[in-house]
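My entries follow, in the order in which I looked things up.

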Amino acid sequence: MPQPTPLPRDVAHAVAATPPRLLLTGPAGSGKSALLSSVRQTLAGRGLTVGTDPRSPAPAALVVDDAHTLPAESVLALAEQVRRGERPVVVATEPRPHRSDLRALLSAFGAHSTLVELHPLSPREIAGRAATLGLTPRPEPIRAVHRLTGGARDVVDAALAALRDGTDPRRAAAARVRDRLGGGDPDLPRVLVLAGLGGTLDPLEVATVLGVDADRARELVDAARASGLLTVDGDVPIPAAAAVPAAVLGTHAVRTLAHRLAALRLDAGC
């Protein structure tokens with residue numbers, strides 16, 4: 001049985017409160033689910049029954065992962081549970097700033113509990129993960145992994161495992177990105193390609209180039225920025241993800257997006 005992920009100090013402090021109320025936010029692959037697993041074990045160790053349905057009165061504690069995938073009514077029910085403060089509520093979600101229900105959840109947690117945001121790994125943190133794999137964390141390979149992955153935890157781990165095994169970390173990181181894209185929203189690779197082509201990820205531009213409505217465009221922009229596959233300061237694909245979305249889509253689809261983006265810029269006089 002795998003060992004539970006150690007809880008960071010701020011998470012452990014929140015879980016020790018009466019009652020625990022904690023919101024974890026972070027991009028895909030940032031370690032939210034692993035932390036929630038440890039939280040569940042901690043609460044169960046106190047004799048609490050842990051459930052996941054915010055509309056059920058039965059569980060003594062609620063621990064909910066991937067709240068961004070829930071329907072709005074479930075998210076709002078979670079927010080109400082937080083406001084009531086009657087039982088432990090621990091939730092993890094990717095950020096979705098355009099969704100009013102998730103903004104309501106964030107507001108409820110902000111007023112009554114602890115918010116913890118998981119960020120991309122720094123070179124120092126990557127070095128620590130390398131050491132746990134038995135690698136000697138020399139500065140240049142660590143910096144190279146950071147540049148390649150942008151600090152996305154699951155992509156970092158794939159690259160480090162390849163270094164440990166003597167295989168190509170670039171190929172391993174790209175394979176991890178491909179796995180992610182293969183199991184997710186089929187429109188996400190299109191948005192990432194658009195970002196790689198120099199698109200602004202403005203919802204109006206995304207809607208026009210991809211041929212989707214405004215609500216869907218906002219959803220896709222949020223998902224792309226929460227994917228962990230774009231740089232945090234420029235909406236540019238991290239190097240490990242630079243070529244993968246285009247390979248997933250194929251040459252014809254990429255060419256179509258490029259033509260649509262160029263036509264939009266010409267019409268706008270850019």
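**Entry 1: the sheet.** I started with the strands and found five of them forming an open sheet, in the order β2-β3-β4-β1-β5, with parallel pairing. I count two strands as paired if DSSP finds at least two bridges between them. β2 (50-51) and β5 (114-117) stand at the edges with a single partner strand each, so one side of each has no neighbour in the sheet. As a reminder to myself, strands of a sheet pair through backbone hydrogen bonds, either parallel or antiparallel.

A note on sources: this is a predicted model, in which local features need pLDDT of at least 70 and side-chain atom pairs count only at pLDDT 80 or more, while totals for chains, interfaces and linings use all residues. Residues are numbered from 1 along each chain as its sequence is written, and side-chain values use heavy atoms, with hydrogens and water left out.

**Entry 2: β4 and its partners.** Next I looked at strand β4 (residues 89-93), which runs parallel to β1 (residues 21-25) and is joined to it by five bridges. Within this pair, Arg21 stands opposite Val89, and Leu24 stands opposite Ala92. Strand β3 (residues 61-64) also runs parallel to β4, with three bridges between them. Here I found Val63 with Val90 as its bridge partner.

Is β4 buried or exposed? Five of its five residues are buried, so β4 is largely enclosed by the rest of the structure; I use buried for under 20% relative accessible area, exposed for over 50% and partly exposed for in between (1.4 Å probe, protein chains only). In a regular strand the side chains alternate between the two faces of the sheet. In β4 both faces are covered, with Val89, Val91 and Thr93 buried on one side and Val90 and Ala92 buried on the other.

**Entry 3: the whole chain.** I then stepped back and counted 13 helices and five strands. These are DSSP runs numbered from the N terminus: H or I over at least four residues for helices, E over at least two for strands. The radius of gyration is 20 Å, close to the 18 Å of the globule rule for 270 residues, so the chain is as compact as a globular protein of that length. That radius is taken over C-alpha atoms, and the rule is 2.2 Å times the number of residues to the power 0.38. Along the principal axes, the C-alpha atoms fill a box of roughly 60 × 50 × 25 Å.

I also noted that buried residues make up 42% of the 270 in the chain. Among contacts with a separation of 6 or more, 67% are between residues 24 or more positions apart, where contact means heavy atoms within 4.5 Å.

**Entry 4: the nonpolar cores.** Which residues touch the most other members of the largest nonpolar core? Val177 and Leu210 do, in a core of 39 residues. The elements that give it two or more residues include α5 (123-132), α8 (169-182), α10 (203-210) and α13 (251-267). The largest share, six residues, comes from α9. By a nonpolar core I mean buried Ala, Val, Leu, Ile, Met, Phe, Trp, Tyr and Cys residues joined through side-chain atoms within 4.5 Å.

Leaving aside residues up to four places away in sequence, Val177 touches Val155, Leu229, Ala240, Ala241 and Val244. A second, separate core has 15 residues, among them Leu24, Val39, Leu43 and Ala92.

**Entry 5: salt bridges.** In one of them, Glu219 meets Arg216 at 3.0 Å, N to O. The two are three residues apart in helix α11, which separates them by about one helical turn. Glu219 is partly exposed at 41% relative accessibility.

Asp235 pairs with Arg225, the closest N and O atoms being 2.8 Å apart. Asp235 lies in the loop between α11 and α12 (244-249) and Arg225 in helix α11, so the pair ties together parts 10 residues apart in sequence. Asp235 is buried at 17%, whereas Arg225 is partly exposed at 42%. Finally, I noted one network of salt bridges with shared partners, joining Asp185, Asp187, Arg190, Arg216 and Glu219.

Note on methods:
Salt bridge = Lys/Arg side-chain N within 4 Å of Asp/Glu carboxyl O.
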